[in-house]
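Subject: Structure for you, with notes

Hi,

Here is the structure I promised. Please open it and keep it beside you as you read. My notes follow below.

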Amino acid sequence: MTDQQHCDIAIVGAGAVGLAAALALAAAGRQVALFGQASAPRDGRTVALLDGSWRLLEALGLTETLDTVAAPLAVMRMVDDTGSLFRQPPVEFKAAELGLPAFGWNIENAVLVEAMAAKAAAEPRIRMIPQAVTQITAGADSVRLAGDGFTPVAARLVVGADGRKSRVREAAGITTRDWSYPQVALTAILSHRREHRDASTEFHTRSGPCTLVPMPGRRSSLVWLVEPAEAERIAGLDDSAFARVVERRTHSILGALTVAGPRGRVPMSGLSVDRFAGGRMALIGEAAHVFPPIGAQGLNLGLRDVAALRDAVAGTDDPGEVEALSAYDRSRQADVRLRTGAVDALNRTLLTDLLTADLMRGAGLLALSRIAPLRRLVMRQGLAGGTAAG
């Protein structure tokens, strides 16, 4: 019996991004070891998979299963509810303006992970190892992963999909910058009296965005950023009182609300890295970037990491070679920093009552509502970085 096993690529972290990486790299012919429990908490969180992400999942053979449990996002509406002197009328982004049936599809995070895990379990090139990696030892030709309950694995490339407290990132010596926001995200699944008409509505409030995102039927998911003390108070309400508070906050746009699924709360923070790879290790998802859930960018950015990594190692005998990982790092620098900065700036302008910030935000919303070419440009940028195979 050998003291270790070998594979092309090992992925640490079996959430949605880690599973997507395993499936994409296996589809490209790599032998993959995937570490971690492939599950997600049922806490009311959903993910809006934008068009490029949906096409990636389609290429991986997942969308036929997901079609029945996802809702299209045909309209994305932004409402200034800050009480600002420069309050502007609502702005609507319509996928039809870009010739698309939808910007993307909204699905419960736990349901998405379950579907991806089932697909990975059926893929012969993927070895799923549910145990945690506790030791990472980098060598010249491979990286050794060890832990309780499995034979150590030596991989030519290790991918860190293990979240904001990433062991892979620490082992690679990649430095981070992290920060926190005076906000907690309240999440829930709600049913409602009125049809959502495949429209997502984001109310910009002084504590942050409050967003209702369509789900199949007369249901929507809630992501509401509020101050920690207020979050504690609202989270302590029973379901009926909670639904009434949300209905008032969203101006009864969907009529009477009822809690129809799990609720959760998540403290808001941010994280960025100085580089995305090094020493036969690469970072994807929240191991590489964390920011508030604004503009449906979080998981979609992680799936763009997956596509970029897949493309960077394509055609290489050694997926951990310096040239491949340097190409991956270059490909992620501008995209990740631009989107992290944009989300951070928008969130911080909502948290301030400075007149200049209100004026700038109001002028921006007014321009988007009045200037169709600018609106279409912003929509295309939001969907940019398509992640489809090929």
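Where in the chain is the place of Arg197? Arg197 sits in the loop that runs between strand E12 (176-192) and strand E13 (199-205). Bear in mind that this is a predicted model.

Phi of Arg197 is near 55°, which is a positive value in a residue other than glycine. Arg197 is exposed, because its relative accessible area of 71% is over 50%. Ser252 also has a phi near 55°, and again the residue is not glycine. Find Ser252 in the loop between helix H7 (239-249) and strand E16 (257-273). At 26% relative accessibility, Ser252 counts as partly exposed.

Now the overall picture. The chain has 390 residues, and 55% of them are buried. It holds eleven helices and 19 strands. Take the contacts between residues at least 6 apart in sequence: 74% of these join residues at least 24 apart.

The core comes next. The largest nonpolar core has 78 residues. Ile11 and Leu112 touch the most other members of that core. Helix H1 (residues 16-27) supplies the largest share, ten residues. Another core, of 20 residues, lies apart from it, with Val79, Phe203, Leu212 and Val259 among its members.

Ile11 deserves a click. Beyond residues up to four places away in sequence, Ile11 touches Gly18, Ala21, Ala22 and Leu25, among others. Its list also includes Val32, Ala33, Leu34 and Phe35, as well as Val159 and Ala161.

How many of the twelve residues of H1 are buried? Eleven are, so H1 is largely enclosed by the rest of the structure. The buried residues are Ala16, Val17, Gly18, Leu19, Ala20, Ala21, Ala22, Leu23, Ala24, Leu25 and Ala26. They pack against E1, strand E2 (32-35), H4, strand E8 (126-129) and helix H8 (298-313). The end C-alpha atoms of H1 are 16 Å apart, which agrees with the 16 Å that twelve residues should span at 1.5 Å a residue. Just after H1, Gly29 takes a positive phi of about 100°.

Helix H4 (residues 109-121) is the next one to look at. H4 has 13 residues and reaches 18 Å from its first C-alpha to its last. That is close to the 18 Å expected at 1.5 Å a residue. The buried residues in H4 include Leu112, which is also a member of the largest nonpolar core.

Val12 belongs to strand E1 (residues 5-12). Is Val12 buried or exposed? Val12 counts as buried, because its relative accessibility of 8% is under 20%. Setting aside neighbours within four places in sequence, Val12 is in contact with Phe35, Val133, Leu145, Val158, Val159, Gly160, Ala161, Asp162 and Val168. Val12 and Leu283 are 271 residues apart in sequence, yet 9.8 Å apart in space, C-alpha to C-alpha.

Best wishes

Key:
Residues are numbered from 1 along each chain as its sequence is written. This is a predicted model: local features need pLDDT of at least 70, side-chain atom pairs count only at pLDDT 80 or more; totals for chains, interfaces and linings use all residues. Side-chain values use heavy atoms; hydrogens and water are left out. A nonpolar core is a set of buried Ala, Val, Leu, Ile, Met, Phe, Trp, Tyr and Cys residues joined through side-chain atoms within 4.5 Å. Buried means under 20% relative accessible area, exposed over 50%, partly exposed in between (1.4 Å probe, protein chains only). Helices (H or I, at least four residues) and strands (E, at least two) are DSSP runs, numbered from the N terminus. Contact means heavy atoms within 4.5 Å. The expected span of a helix is 1.5 Å times one less than its number of residues.
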